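Trainee: I've just opened this one and would like to go through it with you. Can we take it bit by bit?

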Amino acid sequence: MPYVQSWSELPEVEVLPGNFRRSAAGMKSSINRIRMVHPSSTPLHHHVEEEQMVMMLAGEMDVTIGEEVIRLKADQVCVIPAGTPHRFQSVAGTCSFLETFAPPRFQNLIGFLGKVF
């Protein structure tokens, strides 16, 4: 049985200054909707077990993956392999993107979002 929830009903949490996240997870993957308000950035970090995919919905941001800096624009997708150092940095205005993780990052969840079936 699927679980359905509106993004607008999920809690939005400011995880870093200017960086707002809404999260949902299943048993084998998770997804976040991120809204970054310039100026905002994440520190250089990596995820030991999780592969991360990012799909830009609106705006632009610079993504550092390893030693390379890539400007992601709306409708572009990038994949960040597990264990790869990366960071996100806003460019101007507001940008929004979806990010998925496999396996899921349950630590991103705030509050009750569904049932385990």
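**Talking through the model**

Trainee: Where is Val79 placed?
Mentor: Val79 is in strand β7. Keep in mind as we go that this is a predicted model.

Trainee: Which residues make up the nonpolar patch on the surface?
Mentor: Val79 belongs to the patch, together with Met53, Met55, Leu57 and Val77. Together they have about 370 Å² of accessible area. Two elements give two or more residues each, namely β4 (51–58) and β7 (77–80).

Trainee: And which element gives the most to that patch?
Mentor: β4 does, with three residues.

Trainee: Let's switch to charges. How many salt bridges are found in the whole structure?
Mentor: The search finds four. One of them pairs Glu12 with Arg35, and their closest N and O atoms are 2.9 Å apart. Glu12 lies in the segment before β1 and Arg35 in strand β3, so this pair ties together parts 23 residues apart in sequence.

Trainee: How open are those two, Glu12 and Arg35?
Mentor: Glu12 is partly exposed, with a relative accessible area of 35%. Arg35 also falls in the partly exposed class, at 32%.

Trainee: Which residues are linked in a network of salt bridges?
Mentor: Glu12 and Arg35 are in the network, and Arg22 is linked with them.

Trainee: What about Arg71, which residue does it form a salt bridge with?
Mentor: Glu60 is one partner of Arg71, with the closest N and O atoms 3.8 Å apart. Arg71 is in strand β6 (residues 68–73) and Glu60 in strand β5, so the pair ties together parts that are 11 residues apart in sequence. Arg71 also forms a salt bridge with Asp62, and there the closest N and O atoms are 2.7 Å apart.

Trainee: Are Arg71, Glu60 and Asp62 buried or exposed?
Mentor: Arg71 is partly exposed, with a relative accessible area of 40%. Glu60 is partly exposed as well, at 29%. Asp62 has a relative accessible area of 18%, and since buried means under 20%, Asp62 counts as buried.

Trainee: Where does Asp62 lie, and what is in contact with it?
Mentor: Asp62 lies in strand β5 (residues 60–65). Leaving aside neighbours within four places in sequence, Asp62 is in contact with Val69, Ile70, Arg71, Arg87, Phe88, Gln89 and Val91. Take Arg87: it is 25 residues from Asp62 along the chain, yet their C-alpha atoms are separated by 8.3 Å.

Trainee: New topic: Asn32. Where does it lie, and is it buried or exposed?
Mentor: Asn32 lies in strand β3 (residues 30–37). With a relative accessibility of 0%, Asn32 counts as buried.

Trainee: Which side chain does the side chain of Asn32 make a polar contact with?
Mentor: That of Ser23, at 2.6 Å. Beyond its neighbours within four places in sequence, Asn32 is in contact with several residues, including Trp7, Arg21, Phe97, Glu99 and Asn108.

Trainee: How do strands β1 and β2 pair?
Mentor: Strand β1 (residues 13–16) and strand β2 (residues 19–25) pair in the antiparallel sense, over three bridges. Glu14 stands opposite Phe20 in β2. The two strands form a hairpin with two residues between them. Gly18 sits in the turn and has a positive phi of about 75°.

Trainee: Which residue other than glycine has a positive phi?
Mentor: Asp75 is one, with phi near 80°. Asp75 lies in the loop between β6 and β7. At a relative accessible area of 62%, Asp75 is exposed.

Trainee: Great, thanks for the tour!

Terms used. Residues numbered from 1 in each chain as written. Predicted model: local features only at pLDDT ≥ 70, side-chain atom pairs only at ≥ 80, totals over all residues. Heavy atoms only, no water. Patch = residues over 30% accessible without salt bridge, like charges linked within 9 Å, V, L, I, M, F, W, Y side chains within 5 Å. Areas by Shrake-Rupley, 256 points an atom, 1.4 Å probe, with all protein chains shown as cover. Salt bridge = Lys/Arg side-chain N within 4 Å of Asp/Glu carboxyl O. Helix = DSSP H or I, 4+ residues; strand = E, 2+ residues; numbered from the N terminus. Buried < 20%, exposed > 50% of the residue type's maximum accessible area, 1.4 Å probe, protein only. Polar contact = N/O pair within 3.5 Å; in protein donor to acceptor, adjacent residues only side chain to side chain. Contact = heavy atoms within 4.5 Å. Pairing = 2+ DSSP bridges.
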